[in-house]
Every structure is written in C-alpha cells, then in structure tokens.
Amino acid sequence: MSKSKIEAVLPLTPLQEGLLFHALYDEQGPDLYATQFSLDLAGPLDTERLAGAADTVIHRHANLRVGFRHERLVNPVQVVPAKVRVPWSVVDLSALGESEREAEAKRLCEEERGRRFDLARPPLVRFLVLRLAPELYRFVMTNHHILLDGWSVPLLMRELFTLYATGGDATALPRVTPYRDYLAWLGKRDREAAREAWRTALGDVEGPTLLGPADAVPAPTTPERVFTDLTPEFTTALTGLARRNGITVNSLVQAAWAVLLGGLTGQDEVVFGATVSGRPPEIPGIENMIGLFLNTLPVCVRMRPDESLIGLATRIQEEQTRLLSHQHLGLAEIQALVGRGELFDTLTVFESYPIDSEAAKLPGTGLSVVGNDGTDFSHYPITFFAIPGERLHLRLSYRPDLFERDVVDGMLQRLRVVLGALVEGPGVLVGRVGVVLPSERGRLLGEWSSGAGVGAGVGVGVGLSGSVQGVFAERVAEAPDAVALVCGGVEVSYGELDARSNRLARRLVASGVGAESLVALLMDRSVDVVVATLAVLKAGGAYVPLDGRAPVGRLVSVVAGTAASVVLADAGSLSVAGEVVAAAGGVAEVVLVGVGDGLSEWSAEGLGVVGESGALAYVMFTSGSSGVPKGVAVAHGDVLALVSDSAFGGGAHERVLVHSPHAFDASTYEVWVPLLSGGTAVIAPPGELDVATLTRVIEEEDVTGLWMTAGLFRLVAEEAPQAFAGVRQVWTGGDVVPAEAVKRVLEVCPGTTVVDGYGPTETTTFATSFPMESVGAVPEVVPIGRPLDGMRTYVLDGALRLVVPGVVGELYIAGEGVARGYLNRPGLTGERFVADPFGPGGSRMYRTGDLVRWGAGGVLEFVGRADFQVKVRGFRIELGEIEAAVAGFEGVAQAVVLVREDRPGDKRIVAYVVPKHGVVPVPELRAYVRSVLPEYMVPSVFVELAALPLTPNGKLDRKALPVPGGSGAAHAAGGDPVQPLHRGAGGRRRRCRRRFLRAGRSFAAGDASGVSGAFGVRGGGADPGGVRGADGGGSGGADR
C-alpha cells in the first residue's frame, strides 16, 4: 500500500492490542473473535442498493477500514487506507426446499465465519445476502471484533438501512465523530492515577479464579452455548429489586455470578472479567460512534458470609463506581500491576445496548425484520451473557473441550437458584446461599456421604459394643488356645496373653492406675508392648504410646502434658524413660515390662474392669501448629467401630502384620483388628525394617492383611512385589498412593486386593477406603474412596455449605470413630471438632483440613491441604511446628517452611531462613533442629535469604520463594549445594512473544502508547517459563 493511499496511522486501544495478540498467537485454530450478525428481512430487497449503502457506511467511518501492522515496529499500529473494496456476496437459495434451504444457509454462514481475517488486509468486515424466498432474505455481516463492539452493531445497522432508504444520502445521519478523537482522549488519561487505583483495588488478590485448567491451550473448536430465559414475572421482580435499592440489574447479576463462582471454586474471594462500554460521556457524539470502545476489566469480589445478598450487590456497584474514571487501563497492564498473571478465566457481558424497537420496522425501506441471530464468542473458557428484555436472557458460551454440556447447563441452573434467592429474600446472608441443586443434595447427604452402617466385623458377625478389654475377654472365652500373637517364631495364645496382661494390670492398679488414668508406653515392637497396652486398658486406664525415635525433649513434653502416673518401658528404653520422667518433674513411676519385671508374682486373675464404650482408650500425639504436639483422645467405642467395620470382614485380616511404630495410629488397626476378632497379630522384629525382612515375615508367617505407608508400599512394589502374593488385602495410604505401584503389585499378585485407606488420627485410623482388585480397577489417580460403616463424610466450603460434586472443598468426618478431641486443649478441640449441621442433634464432625472433591460415582478424591499441615513418610506434621523449631535457633531471624515438589513425585521439606547477622551456620542449624524434632520433620534443604519476599501489601509471598539452588544459598541434607534445572518456554507463545518484544520494552518503560495489552486480554505478559530444582536426597513424600 503506497503512502499516498494511506489516510492515517493510529495507535491501538488496550483491547485491540490484546485481540491482535490472540489473532497472532493461534493462527491455525478457529478465530473466536470473528463475530457474525444476521437479520432476516421480509420485503422486496434491492441487493445492489444495499451494497452501495454498506460501501458508504464503511467509508464514512475510517476505523472500519483499518488494517493492523506490527512487524518491525516498536508499537503495533492500525493503518487507515483511503479506500477499500467491501466484500459483498449474494447467494440465491430460493429454489431449494425449506429444510435443504436452511441447512445450506447455515453452512454458508458457518463457512463465512470460519474464513479467518488477515488483520493486515482491510477491510475486516464482509457481507453476505442469502435469498431464501422471493421476498425473504438473510442479511449476514461478519467482522473481526477488533473493529467494533456489540454496542456499535445496532448503530451500524441503523446507518446502513437509513442510507438504503435515502438512496445513499447521508445528510439524515448524525455527524461522524472520528475514532481518533477517542484515541486522543485515551492518550490524555492519567495512567499513573489509574494504575494506583487498580493497584489499591486488587493489591490483596491472593490468586486467580479459574474454572478451567490453568494451562489450557487455545481452543481447538468453536465454543458452544446453553441458555435460558427468566419468566417475565421473575424479570420484573429482579428489575424492581434493583430499582428499590438504587442499583443496576447488572450489579445483581454480577453478585449472583460471584456467589456461583465461589461455590464452584471453594473461594470466598473471586475474580471474573466484565466488559464495560468504555464510552466516555465527555466526548461529544460518543453515543453514536461506531467502533471498539469496550474494555475487559477484572471484578474482584470478596464475599463475607455475614453480609446480605443485596448488600453484596450494592457493595459491588459501589466498588466499581470508584473505578469508573480508570476503566480505560488495559487488562494486561492491570494484571501486571498486581503481579499475579492471569486473574480469571470467566467473562461476564451485560448487553445493555441502545436498541430502538421501532428500528426493527426499517422505515422507508419497504422491509421489516422478522428474525435475527448472532454469534459472539471470546477466548475465555466460560463467557456469561445477560441480555435485558421482557424476559432476561441468560447464556453461557463454553469450550466443549474443557466442559461437558451438562456441567455448563448445571451452572446455569445454579445461577438461577442464586438469582431466585435474591428475589425471594434479598436480606438472606451470603453464607446461607448454596449452589448445590436439590437433586444433588440427596446424594451428598445420603448414598455418597454415609457408610453402610455397623458392619459384619472381622469374623465377629455383629457390631461390637462395650470396651476393648471386654471384647477381648469374649475372644478369650471363645478360644483360649487360639494363637493371639506371633513374634520371632514364638506363639502366644489368647489365654496366655490374657494372663500376662492381667498380672501387669494388677501391678498398675497397685501403682494407682484407675479409670482413665494415663499411662505412657516407651517400648519397641514385641509381645510385651501388646501385653502392656492391654494391661493399661484392663486397669481402667488409657495408654499413651511414645515414639522412641523422638528427641528426649519431645518425650518430656508429652509425659508432662499428660501428667502420666506411670511410664511402662522395656529394657532397651528403661534409661531413656528414667531421663524423661526426671525431666518432666519426676512424678511418674517407671515400670519395667519384660524379662526381670517380676510380674510372675502377681495374680493372673482378671480384675473385672468391664469399661464403657465412651471411656478413654488411648491418647496419641500428632504434630501441632504452635510447636506443641497435640494429643488425640480416642474412646473404646471408636476402636470397636473400626474393628467391626465390614471392610475388614471376609477373613482377609485373620493374620495381620504389626510393624508400624506404636505411636503411629496404624497400630490401632494392626493390634486390635486381629485380636478383637479372634485372629492373630504377627509382630515384626524390633528396630528398623528393610524390604527383605518384611518380605520374609510376610511369607513365613502367612500374613493375610497388612498396612503400609504409601512410601513403603511403593518401595516394596518396586523391589519385591511378590512379597504380597499370599496377602489377601494390602492397605496403604498416609500419602498419595501411586497408581503405578498398585498396578505392579496386582500384576504380580492377582489374588491380592490393594486398598487405599485414608483417615486422620482424629477419626481412629481409617475413615474411608478404596479397594482395587485388578489392574483394570486402578484409576490414573487413586481416590481415597467411600466412608467406612457408620461414618459420614461431608465436603464443605468455608461457610459449612455442601459443595458441588467435582468442586474442591474441605473434608469433614462425622459418625462412629470420631475422637473425643484433644487432651487438655478445649480451644483447639472446639476449632476442629464442630457441630454437625447435617447429623442427629448434638453430633459432631471433625474438620480434617484436607481438600477433596466428589469424583464420579461418589468416591472422594484427595486434592491437598487447606492449611500448611502436610504428611511426610506417612506422618502428619504442621509446618508451623517446624518453623517454630527453625526459628528457635539463635542465628535465625526469620523462618518459613514449605513442602515443595519441584520434580514430579519428589516432595521435600524446605526451610527458608533469614540470618540475624552474617550467615546462618547450616550444619549447626540442622543439628539443632534434629535435637528438637523427629528425623522425618527435619528439612531436607535449607535456603538462606537476605529477606523474605513480600507482596505489594506487605504480606509474605510464598509463591516468590525461590526454588532451592535457583537463588540464595541452598544446602541439601547431605551438605551439598543444590543444582538448578531450567525449563525454557517454547512453542508458538514464545515466537509470538518475540513479535512484541520491542513493544514490550516500551510498555515496561511506561510509554502510554505501548502494548499494555499486547500479551493478551487474558493472562497478561507472564513469562510461561519456569525453574525447577533438584537435590540428591531429602525427606520427600507426598502430603495428604
């Protein structure tokens, strides 16, 4: 194009920059921003005359003739040629039958829309006229959205048919206000004031609100639509509600959309996009201007459960009103200010266009409009349209490659539910408005959430009641000579175990142990530890197992905190027990259990302490966020509910392997499931166990059922999967269960069932299970399954509302097996054990802190942690406890601890430290942490930083903490520096990014004419690259 033929060269608006980016980014797929509008016209249409009118319209408005250039330019521009040839086609379909005619008309329209525009070759609009009958025509306009917005379409149609009626006389039309006037106005805005306004409005945004995947590739197909129309009565009620409260219907709709997003994401802070008209009233004639003025802007809604729905809508309007004078800023620039990259993937459009109902009559043309249609999509996975009228029209445009139609249709139904709540009770609190449909509620509170009830039990036949020692006495009476324990080739019968535990129980009573007295156990795996455990219960007390691998200081805090009157110890732990008792105040008595304990002098007769199901059975300590371990108090009835569950029926748990530390809640299953069902507990050798030893014990002792942490299970599956060949059920969990390991075991051991068993200590070992009997039954991601008998599982949001199936929420567990609470911690108990709003009066539920969702068929899928508590090597820990320990070192000023997974499957604890002075001596720091924490809680990597990264509002920015080895001084567990691995960005996005590189420099420098939106309406200019770190070891393991 010669310079003499160029009328003007103009800058781009922020939205035009973003649309240009998307056009260049995905040049092969469908162009989602090629929009189409059609009118069905009845009457004698002169197509040549209409073509002339179209040519006049295009040449009246310079911005309708533009093409876009970016190659070898600092900033992309729009070039206005003096004259263009307007593409015009006429096709006669009147000779076809009605059905064939409509099919061909649809095909031609789709073909027209499917032809991509070359944005460098104007005009970016073309017209098609289809003759359907002698006096019935379909007029079709296809254009790229970069030219004009929805507001402009009726204005363009008005001009077009006015010119048609006047034979091309433009004097009846309003004076054209040049588009460059708007661009000039845009260039004079106070960008810094706008930046500050948006920075203030969005500075605290924690992250994006996404319904689709975060890494969604460009849409391979055209979006699809679902829609509904509200009744005239509903629409009138909504309009009246808005008028009475001095707000717009758009604000009501946005409030409903925010509540829906919150319900679909589990977030109380949501961000979504909204289109604004972008027509500044200070420009004369702006209401008649044709072009692209609208902008896409983020709307951040922070929902408060105690705020009314109408209050929420009013607040949304007030917050948006404060930003009115700053709505010209581009989305990419706004997102860059916040520093969060992509903020949303849903867009809302309220089409309040200036449509004159009389215009449909096309006065002076001899024509009338008898129908209209349009397609207007966006690159967002979900776009919500609300179109006012006698019946408010609601429409969702969605990507079918990301969402199923029934899911999107469900969104529309949920939106109607929220709008209905607004109309019926605008004063209702946000926290009481759910988005679960009535048809879903029954499943969520019925068949999905509840176990089958009290099960058949393991060879028992009925549910158990009473106390652990009482049920054990029944087993003794039934078969006193049956083998209860096997350890190192030595067998102990039920009668012998009963007698030995009776002697120790009498010894404990003589030491003052009575009802719910706490007795600590510091013993390794052996027959004696089972004898001691049973004896404590027979004496009426409750046992407190201690982890012999823990630092002495931790043991002291447990003994002192429980005020244990007696500490039972074996010969190997006797001296440590004495040290612990002395440090704890010297009150407790240390009693030896084992060779030389003198128990043979005591009577073997039973004490007759029956006990009740509500009595305390044991207290097991887990990690605490304050740095103080918390003791979970479990009653006898909770243990019996576990034992009697039908999951352990059918004889698969007749001979159970005992190998877990006694202080680990898996020991509850390992000891009591076999012993209270007449089976045998097979006790592994003391000390650390390797795969070879485990394999030998399992095979030699004919173990039929066992539990392993996911990490140990993976190891055995890799090294010796045949070890499980004779095992009927292998339960595993604690961390994410690897599907490949399960498949390997099932391939080698076709008669074995692998079960993912999930449950926090607070729900007595297991709460849900997912059995897998064959390789084909193993999903790609192993779920945690369904609740055990008598248990109830709820997936709730922060306001304790049921969440939609498939949506992430927090798992709450109620019913049998829920512990009493935390020993001597009423405040913490009240926080975690809360009233069950769905159960019988007075019932409680435990808040797990685990994030889950309901999967297909009502199985629970684990997602992550709601707080900073994680699991490593099967042990649940609070990162806060580790932080407290690290920060306790004298050379550390600040500390933050994370669990990172910078390599798939390699999860490790990383501590970031800021020194008080100089540098932190990492070997000394590691030694100090080891002295106060168990080994599994010691960070595998320490990273020294000059300062902790903060958000613009002064909060710790955890996402900005560097990958170990990427920056800062990193020290792995072995003392070697961590080496970074780099992963570069690639593909079309990188190539497209280079196209705008120079323009990006101008944007970074603050040039108002730069590419504030050049890196996309969605996603800003975020670098798609990343850095991954690696080290040679560490205490990894998936957290759950």
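# Briefing on a predicted protein model

Arg 107 and Glu 111 form a salt bridge, with 3.1 Å between the closest N and O atoms. A salt bridge here is a side-chain nitrogen of Lys or Arg within 4 Å of a carboxyl oxygen of Asp or Glu. The model is predicted, and local features need pLDDT of at least 70, side-chain atom pairs count only at pLDDT 80 or more, while totals for chains, interfaces and linings use all residues. Residues are numbered from 1 along each chain as its sequence is written, and side-chain values use heavy atoms, with hydrogens and water left out.

**The chain as a whole**

- The protein chain contains 27 helices and 43 strands. Both are DSSP runs numbered from the N terminus: helices are H or I with at least four residues, and strands are E with at least two.
- Of its 1040 residues, 56% count as buried. Buried means under 20% relative accessible area, exposed means over 50%, and partly exposed lies in between, with a 1.4 Å probe and protein chains only.
- Contact means heavy atoms within 4.5 Å. Among contacts between residues at least 6 apart in sequence, 73% join residues at least 24 apart.

**Salt bridges**

- The structure holds 37 salt bridges.
- Arg 107 and Glu 111 both belong to helix H3 (residues 98-114) and are 4 residues apart, about one turn of the helix. Arg 107 counts as partly exposed because its relative accessibility is 39%. Glu 111 has a relative accessible area of 43%, so it is also partly exposed.
- Arg 126 and Glu 112 form a salt bridge whose closest N and O atoms are 3.2 Å apart. This pair links distant parts of the chain, with Arg 126 in strand S6 (residues 125-133) and Glu 112 in helix H3, 14 residues apart. Both Arg 126 and Glu 112 are buried.
- Arg 60 and Glu 159 meet through their side chains in a salt bridge of 3.1 Å, N to O. Arg 60 lies in helix H2 (residues 47-60) and Glu 159 in helix H4 (residues 152-166), 99 residues apart, and the pair thus links distant parts of the chain. Both Arg 60 and Glu 159 are buried.
- A network of salt bridges links Arg 191, Glu 192, Arg 195 and Glu 333.

**Nonpolar cores**

- A nonpolar core is a set of buried Ala, Val, Leu, Ile, Met, Phe, Trp, Tyr and Cys residues joined through side-chain atoms within 4.5 Å.
- The largest nonpolar core has 142 residues, of which Leu 485, Leu 497, Leu 568 and Trp 672 touch the most other members. Helix H8 (residues 249-265) gives the most to this core, with 11 residues.
- Domain 2 (185-345 + 380-434) and domain 3 (436-454 + 790-867) both give residues to this core, so it lies between them. The domain bounds come from an automatic or database domain assignment.

**Sheets and strand pairing**

- Strands of a sheet pair through backbone hydrogen bonds, either parallel or antiparallel. Two strands count as paired if DSSP finds at least two bridges between them.
- An open sheet of 3 strands has the order S1-S4-S3, with antiparallel pairing. Strand S1 (6-10) and strand S3 (67-69) stand at the edges, each with a single partner strand, so one side of each is left without a neighbour in the sheet.
- S3 and strand S4 (residues 77-81) pair in the antiparallel sense over 3 bridges. Val 77 in S4 is the bridge partner of Arg 69.
- An open sheet of 6 strands, with mixed pairing, has the order S8-S14-S13-S11-S9-S10. Strand S8 (224-229) and strand S10 (295-302) stand at its edges with a single partner strand each, so one side of each has no neighbour in the sheet.
- Within this sheet, strand S13 (residues 382-387) and strand S14 (residues 393-398) pair in the antiparallel sense over 6 bridges. Leu 394 in S14 is the bridge partner of Ala 386.
- Strand S39 (residues 906-915) runs parallel to S40, and 4 bridges join them. Tyr 912 stands opposite Val 943 in S40.
- In strand S40 (residues 941-944), Val 941 and Val 943 point one way and Phe 942 and Glu 944 the other way, and all are buried. In a regular strand the side chains alternate between the two faces of the sheet.
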